[in-house]
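Me: I would like to go through this structure with you. Could we begin with the overall make-up and then turn to the backbone?

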Amino acid sequence: MKCFKKLVSFVAAAALCTTLPLLPSLKADAATPATFYVKYDIDMNQWRMQTGVDGWNDEYEGRELYYLNNGDDRVKDGDIVVVLANETGETGNTEIKINSHLSNLTINRAVAVVHAGGIDNCYVLGESYAAINGDVTNAYVYDDASCTFNSNVTNLNLISSQNDTVDSNVSVGGTVAYASLQNPGGIIKEYYNFAAGSFDYSNTGGLMTDDSDFSKTGSGPAATTAATTTTTTAAATTTTTAASTSGAYDDVPKTGENHLAAWLFTLSALSFAGCLALRKKTVTD
């Protein structure tokens with residue numbers, strides 16, 4: 001009986017030892033940013049949104065833009081918004097208003113006016129026509145896209161992904177701390193400290209800003225590290241699908257994850273067998 005009581009105590013201790021190490025990991029997990037897709041529905045003649053899907057689901061009509069800022073599934077700080085193109089290019093007159101601070105906004109070959117409470121990374125892909133309202137930390141404008149940033153931009157990168165010339169049309173209503181022109185070979189030119197409302201780049205005339213409103217010398221991108229043409233292109237493309245690979249290995253046991261439990265319970269079984277043998281020997285004697 002005493003042996004059985006000791007065994008129960010040992011098993012309980014084993015369970016406690018294997019459970020406690022798992023508790024801190026629950027607190028350490030960070031919430032994964034949600035991705036919201038916005039697209040103009042031609043048949044309904046209005047913008048619609050979807051979330052919780054891997055890209056836009058044509059079988060589901062989505063919800064009104066009202067839900068971007070309301071309800072349990074609303075856009076929260078750090079989330080991602082992707083504005084998608086449609087087959088005919090029609091986009092209506094509705095502005096897209098988002099109250100939260102976005103970690104990522106991608107305009108994917110669409111015509112859109114977007115209001116946000118700040119954006120960490122903004123990607124405006126080729127064939128897009130956009131107006132962005134809200135301070136942007138890192139902005140990437142690709143190929144023949146046209147974009148007006150009505151607020152401040154910390155780092156502005158105009159990128160040609162396929163040729164040597166930069167064909168974007170970009171203006172900024174606020175200040176620009178750093179601006180670069182890039183092609184597949186890397187950075188072509190860098191500029192610094194643009195006065196508010198002075199940045200103006202044309203695909204026909206190049207940088208149109210007066211020399212007195214900016215500097216040609218500086219120490220590189222402000223606040224964050226500028227991404228190369230290759231990495232930013234990949235990031236912008238990947239954003240349109242927003243597929244997360246973090247759960248791909250969830251079913252694969254991690255090294256050392258469950259070995260302690262196995263050893264302790266094996267030892268418990270051996271102890272139990274020993275107790276039975278000892279008890280049998282005692283009864284026989």
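Predicted model: local features only at pLDDT ≥ 70, side-chain atom pairs only at ≥ 80, totals over all residues.

Me: What share of the residues count as buried?

Reply: Of the 285 residues, 37% count as buried.

Me: On to contacts. Among those between residues at least 6 apart in sequence, what percentage join residues at least 24 apart?

Reply: The figure is 38% for that set of contacts in the protein.

Me: Now the backbone. What is the phi of R109?

Reply: R109 has a phi near 55°, which is a positive value in a residue other than glycine. Most residues other than glycine have a negative phi.

Me: Where is R109 found?

Reply: R109 lies in the loop that runs between β6 (102-108) and β7 (111-115).

Me: What about the phi of N193?

Reply: The phi of N193 is near 50°, and this too is a positive value in a residue other than glycine.

Me: Which element holds N193?

Reply: N193 is placed in strand β15, which covers residues 186-194.

Me: Is N193 buried or exposed?

Reply: N193 is exposed, because its relative accessible area is 54% and exposed means over 50%.

Technical notes:
Residues numbered from 1 in each chain as written. Heavy atoms only, no water. Buried < 20%, exposed > 50% of the residue type's maximum accessible area, 1.4 Å probe, protein only. Contact = heavy atoms within 4.5 Å. Helix = DSSP H or I, 4+ residues; strand = E, 2+ residues; numbered from the N terminus.
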